[in-house]
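This briefing covers charged pairs, a surface patch and a helix pair in one protein model. Please have the structure open while reading.

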Amino acid sequence: MIVLVTLFLALGFFVLDLVAPIGLGEWGLYMLPLLLTLRVKKWWYPFVFAALCTILLLMGLHYSPPGGVETKWGITNRYVGTSVLWITAALLVQRKRAELALRESERQMRAILEYSPLPIFVKDRSGRYLEFSRQCEIVSGMSRKEALGKTDYEIFPKEVAAAVTAMDRDVWQAGRMVTREVKVPFKDGMHVHWSIKFPLLNEEGKCSAICGIVTDITEKKRADEAIRQSEERFRAISEQSLMGIYIVQDRKFTYVNPKMTEIYGYTPEEMLQLPSVIDLVIEEDRPKIEEIIQRTADDMKGVRYGLRVRRKDGGVITVEVHRFKTELNGKVAVIGTLQDVTQRVQEEEILQRTTEQLQTLSRRLLELQETERRHIARELHDEIGQALTALKINLQAVQRMANSTAFAPRLLDSISIVDRTLRQVRNLSLDLRPSMLDDLGLCSALRWYADQQAQRSGLRIQFTANPPEMRLETAVETACFRVAQEALTNIVRHAQAHSVWVELKVEGKTLHLTIRDDGVGFDLDLIRQQVANGTSLGVLGMEERASLMGGRIEMKSVSGEGSEVHGWFPVELAANQTEHLAELIEK
């Protein structure tokens, strides 16, 4: 609309210029519509209108009727008027741009006040609010319209308003930015605000208003307090810990607790000034710790290891370290615990030597026991067996005599007694040490023993072996046979079983013995308790024999569903049986 008005006025003045004689003030008529261009939104419109006016003035100079003014003065007048119009247009454009920039600045300021996540406000010298951001409305519960023109005492509680206005006075007096914490009560408790206030200067450089920005740092304060308390708890625990606690960054100690200094014999200051933690490790173990560092360079998980270190007094101790990686102050850090285990290691070494000695003694006792059994079995078979056989032959010779009819019943009874005694001696000899275990090997001995137990107890015992024939080291064969013997004896005594399955097979480098039955089963926990107490000597003997061979025993049982005994022994084939066993396995 303003554009049309300015164009209409310009055309009207042009028409007037055409009908009127050339005068001196025609260009002044165009000043009115030119000033009206200030109301047009487009900043460049005054220049366009000035250009239009220039054209109209030149055309008016050419077509206007002559007047009382000389032509040269008319031309001069119009050129001067054109210059004035362009200068005015330039001034109008400058003002227009300034107004547009001001409106843009106000729009941006309004956007900041509207969308800022922090409360922002502006107050005059009397403390009344000139601006009140959207976040201020949310925090105070008061709209911008309600807050503008009011003071802090009209919005906040008296004690809060007093603290806020006191800060305002400091800004007015100092003429610079002031920051301060202010506590403000809310429904959910006391909040802590971090307030930043600074002066706004006018064209004369004087403070005309105050702008403030507030942020709620309640959660940060709580977090800082929680961190402080956590650090205090950590320090209290660390100071009282019976284990050394340390933090390492760039291979240097940044923290050590008192126990750590006690273990090494240094003061805290001396430990923190050490060039490298590696210097504490003895020379022989340094490659080990370097390898651990390289291997775990990118691993943030915990690592546990032991090494030997040197104390300040030169003594060497063994320590156990448990450490993990983390990040502290933007740098990789190693946090760990350290314990002096020198005494424990020494005790473990003594215990290990004692255990090895006991195992050697136990192995030797078992060897002596087997040797003694073999000797007694041979004596029963060779000496007593032969003597009983000779006695039987003599009794039979007496029986055949013609005059022995009167003694026939006693002779028959004596011969029967000798037969029973011979069988008992033979069985006792075989039970002590089956000769076929030495002569034919483990499979034959177990097959024979299973048949013997089946005949004695009436059980159905099924024996399988894979490969069917094998020869192992004598100690392994003896241990496996004795474990099977004890297991079958327990089944006969306690299981109330009808069927038993005995399986012997080679699995890689392990000999696996399995004995299953369909009996009533047993309480596995009770058996383990008896083994721990030493009251179940049979099971204890089985486990001891297997352990001495480097094997193990495992038992399984479910009440009413039978039981299983598994034994694993290392396969150490006799030298002359290796090729034969390979052929059997291949077949």
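Is L358 buried or exposed? L358 is exposed, because its relative accessible area is 53% and the cut-off for exposed is over 50%. The model is a predicted one.

**Surface patch**
- L358 is part of helix 13, which covers residues 342–399.
- Together with L361, L365 and L368, L358 makes up a nonpolar patch on the surface.
- The accessible area of these four leucines together is about 380 Å².

**Salt bridges**
- Side chains of opposite charge can pair when their charged atoms come close.
- Searching the whole structure gives 31 salt bridges.
- One of the pairs is R144 with E131, where the closest N and O atoms are 3.1 Å apart.
- This pair links distant parts of the chain, 13 residues apart: E131 sits in strand 2 (residues 129–132) and R144 in helix 7 (residues 144–147).
- R144 counts as partly exposed because its relative accessibility is 26%, which falls between the limits of 20% for buried and 50% for exposed.
- D168 and K197 also form a salt bridge through their side chains, at 2.5 Å from N to O.
- D168 and K197 are both buried.
- These two residues belong to a network of salt bridges that also links K123 and D152.
- A further salt bridge brings together the side chains of E477 and R471, with an N to O distance of 3.2 Å.
- E477 is buried because its relative accessible area is 2%, and the limit for buried is under 20%.

**Helix packing**
- Two packed helices are described by the angle between their axes and the distance between the axes.
- Helix 16 (residues 442–457) and helix 17 (residues 474–495) have axes that come within 10 Å and cross at roughly 15°.
- Helix 16 and helix 17 are therefore roughly parallel to each other, since angles under 35 degrees count as roughly parallel.
- The crossing of helix 16 with helix 17 is right-handed.

Technical notes:
Residues numbered from 1 in each chain as written. Predicted model: local features only at pLDDT ≥ 70, side-chain atom pairs only at ≥ 80, totals over all residues. Heavy atoms only, no water. Patch = residues over 30% accessible without salt bridge, like charges linked within 9 Å, V, L, I, M, F, W, Y side chains within 5 Å. Areas by Shrake-Rupley, 256 points an atom, 1.4 Å probe, with all protein chains shown as cover. Helix = DSSP H or I, 4+ residues; strand = E, 2+ residues; numbered from the N terminus. Buried < 20%, exposed > 50% of the residue type's maximum accessible area, 1.4 Å probe, protein only. Axes fitted to C-alpha atoms, helices over the stretch in contact; angles between N-to-C directions. Parallel < 35°, antiparallel > 145°, perpendicular 65-115°, else oblique. Left-handed = near helix turned anticlockwise from the far one by under 90°.
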